[in-house]
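Please look over the structure shown here before reading the notes.

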Amino acid sequence: MIEELASHGYLVVAIDHTYDADQVEFPGGRVETFAITGDIDDALIAKALAVRTADTRFVLDQLTALNARHNTDAGGPPLPPTLAGAFNLSRVGMLGHSLGGATAAAAIRADRRLRAGVDLDGSLLSPVTAGTDRPFLLFGSDPGPGPEDPSWDQFWTSQYGWKRELALIGSAPTSFTDLETLLPQAAPILGLTPGQVTQAIGTLDPHHAIHAQRDYIRAFFDLHLRHLDNHLLQHPSPRYPQIRFLR
């Protein structure tokens, strides 16, 4: 996804959340590892969400400083002079998967510098479910015959900006990660059966899954950050039978 957006002219910044990510390496070689303890309940998730939101705002602050010709590189080496002033920070969007998707929804409520957001299959907590006035895309895995995520229903009711909910038919939550394509390739080495691979990533062909994700997410950011409408988000397309418009 990062490659797709960058190849179409977007500046993409990925955030490592220290002590939440498996490993984060700092300048000088210091490595901090996952350090969250305790039961994974709503209170812990809310705490992690607050930290991730603060991290996001810190990154936005650093990009603002960098754009104003302040070298924020903790490693010390000089940055290319052409980098200064190169960012259009009036058109910033955010996307994330799982808790990262919830972070996108929380951060866009907390910081008006974020103009559009995407949640890839992440449940939401209050007050994030209260929605926002800015465009937001809910893009989930195959919901199957059961009820929708109640938190998405609450968000949908409260969201007063542009909104759309899509489902990737034949997918699983892992389909929104690199494992969608890596797991089938690594299955023989890992000793995984075809059934185990399908259980992990769903029945949808990985190429079709990635193709749809890239095209629809880019269409969303093109529409709301660049005002370029290819009409992909207006109605279902016969070119993407794996995408279901839920609402």
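What follows is a short briefing grouped by topic.

The model is predicted, so local features need pLDDT of at least 70 and side-chain atom pairs count only at pLDDT 80 or more, while totals for chains, interfaces and linings use all residues. Residues are numbered from 1 along each chain as its sequence is written, and side-chain values use heavy atoms, with hydrogens and water left out. Helices (H or I, at least four residues) and strands (E, at least two) are DSSP runs, numbered from the N terminus.

**Helix packing**

- Two packed helices are described by the angle between their axes and the distance between the axes.
- Axes are lines fitted to C-alpha atoms, for helices over the stretch in contact, and angles run from 0 to 180 degrees between N-to-C directions.
- Helix H2 (residues 42-67) and helix H3 (residues 99-110) cross at roughly 60°, and their axes come within 9 Å.
- H2 and H3 are therefore oblique to each other (under 35 degrees is roughly parallel, over 145 roughly antiparallel, 65 to 115 roughly perpendicular, the rest oblique).
- Residues of H2 in contact (heavy atoms within 4.5 Å) with H3 include Ile45, Leu49 and Arg52, and those on the H3 side include Leu99, Thr103 and Ala106.
- Helix H5 (residues 179-190) packs with helix H6 (residues 194-201) at about 170°, the axes being 10 Å apart.
- H5 and H6 are therefore roughly antiparallel to each other.
- Leu179, Glu180, Leu183, Pro184 and Ala187 of H5 meet Val197, Ala200 and Ile201 of H6.

**Salt bridges**

- The whole structure has 13 salt bridges (a side-chain nitrogen of Lys or Arg within 4 Å of a carboxyl oxygen of Asp or Glu).
- Asp61 pairs with Arg113, with the closest N and O atoms 2.9 Å apart.
- Asp61 lies in H2 and Arg113 in the loop between H3 and strand E4 (114-120), so this pair ties together parts 52 residues apart in sequence.
- Asp61 is partly exposed at 39% relative accessibility, and Arg113 is partly exposed at 27% (buried is under 20% relative accessible area, exposed over 50%, partly exposed in between, with a 1.4 Å probe and protein chains only).
- Arg226 and Asp222 meet in a salt bridge at 3.5 Å, N to O.
- Asp222 is buried at 11%, whereas Arg226 is partly exposed at 28%.

**His224**

- His224 is found in helix H7 (residues 206-225).
- The relative accessible area of His224 is 16%, so this residue counts as buried.
- Not counting residues up to four places away in sequence, His224 touches Ala116, Pro135 and Trp162.
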